[in-house]
Amino acid sequence: MSEPGQEKTLAEQAPSSYECRACGYVYEPAKGDNQNKIAPGTLFTDLPSSWRCPVCGVSQSQFQDIGAKGAPSGFAENLNYGFGVNRLTPNQKNLLIFGGLGLAFLFFLSLYGLN
Ligand SMILES: [Zn+2]
């Protein structure tokens, strides 16, 4: 239960990420762990004791606190991800998709014509 007025900024409340020392997998609390049905927002320290590295399977004792990774810089990365596509209007996306299909079709036809 969080009371109104006690909300913290993302940077302040960003919990620590933990890195697997065996394989380099990083558990980010903001993302959780889909594979093991860990809901986004679950702190590493709140993970069930049965939780293991989803990549290599080592136990939690092999994980190392690497600090808040999902803080503002992390969000900036997410914003940049797919930036080029997100700037396109839906019409431009359609043009890209159908234009691509048309080109593929023409390419196919030209190959067919060679035979
Ligand atoms: Zn691992």
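## Strands and sheet

Two strands are said to pair if DSSP finds at least two bridges between them. Strands (E, at least two residues) and helices (H or I, at least four residues) are DSSP runs, numbered from the N terminus. In this predicted model, local features need pLDDT of at least 70 and side-chain atom pairs count only at pLDDT 80 or more, while totals for chains, interfaces and linings use all residues. Residues are numbered from 1 along each chain as its sequence is written.

The chain contains 4 helices and 3 strands, and from the N terminus on its elements follow the order α-β-β-β-α-α-α. The 3 strands form an open sheet with antiparallel pairing, in the order β2-β1-β3. Because β2 (26-27) and β3 (63-67) stand at the edges with a single partner strand each, one side of each is left without a neighbour in the sheet. Strand β1 (residues 17-20) is joined to β3 by 4 bridges, and the two run antiparallel. In general, strands of a sheet pair through backbone hydrogen bonds, either parallel or antiparallel.

The bridge partner of cysteine 20 in β3 is phenylalanine 63. Two residues are in contact if their C-beta atoms, placed from the backbone, lie within 7 Å. Leaving aside neighbours within four places in sequence, cysteine 20 is in contact with Tyr25, Cys53, Val55, Cys56, Val58, Gln62 and Phe63.

A residue is buried if 20 or more other C-beta atoms lie within 10 Å of its own, exposed if 12 or fewer, and partly exposed in between; these C-beta atoms too are placed from the backbone. A nonpolar core is a set of buried Ala, Val, Leu, Ile, Met, Phe, Trp, Tyr and Cys residues joined through C-beta atoms within 7 Å. The largest such core has 5 residues in all: Tyr18, Cys20, Tyr27, Cys53 and Phe63. Buried residues make up 10% of the 115 residues in the chain.

## Aspartate 33

Aspartate 33 lies in the loop between β2 and β3. With 19 other C-beta atoms within 10 Å, aspartate 33 is partly exposed. Beyond its neighbours within four places in sequence, aspartate 33 is in contact with Tyr27, Ile38 and Pro54. The C-alpha atoms of aspartate 33 and proline 54 are separated by 8.0 Å, although the two are 21 residues apart along the chain.

## Confidence

The predictor's confidence in each residue is its pLDDT, from 0 to 100. The chain averages a pLDDT of 80, and 70% of the residues score at least 70. Over residues 72-77 pLDDT stays under 50, and for these residues the model has 3 contacts beyond four places in sequence.
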